[in-house]
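Hi everyone, thanks for coming.

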Amino acid sequence: MYQVKAKKRLGQHFLTDLGIAQEIVAALAPETERVLEIGPGMGVLTQYLLQLPNTEVHAIELDEESVAYLRQHFPELGSRLHAQDFLKTDLTLFMQPPFSIIGNFPYNISSQILFKLLDYKEEIPELVGMFQKEVAERVASKPGSRDYGILSVLLQAYYDIEYLFTVHEEVFNPPPKVKSAVIRLRRNSCTHLDCNEKQWKTLIKTAFNQRRKTLRNSLKGFRFEESFTEEPIFQKRPEQLSVADFVHLTQHLVK
């Protein structure tokens, strides 16, 4: 049987364990109406997505060889197979919201996929995906953890995140050099933050770029209301702060 050759430049590692593929698809909410699979490769997830009774399945794939394989083996996808670069594509051109995201994501662009998810947070209620274990742990970690960082705060503001299970190297072809993990993100009830979101993001990134320092030192470049600068929060390090704490800080910036 013809096989697509994994391309290192695209970060391709094809999942070969069908049981794990079924588990990933089963993690989608039962009421999912539309789903977009990122980087389907040879369709190990696609075959099970297409079995979902009431779900419209789309797939987006950059690799021309994979696209040809998918057209041959999954002709029922038809025009719902999009030969495009996910990171450069306006998803609303072919996806009617709401729609979910699923995939065994290329590890070299996994953080970029998550940042793009935030751009579409009003359209995407759920993401289920395979990531490098380190990235999955970072995204799902809670305040106080050494893994907690910029992505953790930005995503947890709008999504509830579950670490579902760990996946070992030997179930991929070729095997990656790291363990993998599947996580699920489901949209929470937050529609907007009670602060300037652009300032909030800048504050978070600045704090975590000097994560060993207390906020009093890492946020020296920001002007806060004078009465607020003696608050105990400035003695903390960024990994100790929740989403609400960063919102609270942003509210007290001098306008």
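Predicted model: local features only at pLDDT ≥ 70, side-chain atom pairs only at ≥ 80, totals over all residues.

Residues are numbered from 1 along each chain as its sequence is written, and side-chain values use heavy atoms, leaving out hydrogens and water.

So, the sheet. Seven strands make an open, mixed sheet, ordered β4-β3-β2-β5-β6-β9-β7. At its edges sit β4 (81-82) and β7, each pairing on one side only. Strands here are DSSP E runs of at least two residues, helices are H or I runs of at least four, both numbered from the N terminus, and pairing takes at least two DSSP bridges. β6 and β9 run antiparallel, joined by seven bridges. Look for G129, which stands opposite I183 in β9.

Now the helices. Helix α1 (residues 18-26) lies across β5, β6, β7 and β9, at about 170° to β7. Contact means heavy atoms within 4.5 Å; angles, from 0 to 180 degrees, compare N-to-C directions of axes fitted to C-alpha atoms, for helices over the stretch in contact.

Which residues of helix α4 are buried? They are S110, I113, L114, K116, L117 and L118, with buried meaning under 20% relative accessible area (1.4 Å probe, protein chains only). Their packing partners include β2, β6 and α5.

Finally, there are zero disulfides, meaning cysteine sulfur pairs within 2.5 Å.

Definitions and conventions
Buried < 20%, exposed > 50% of the residue type's maximum accessible area, 1.4 Å probe, protein only.
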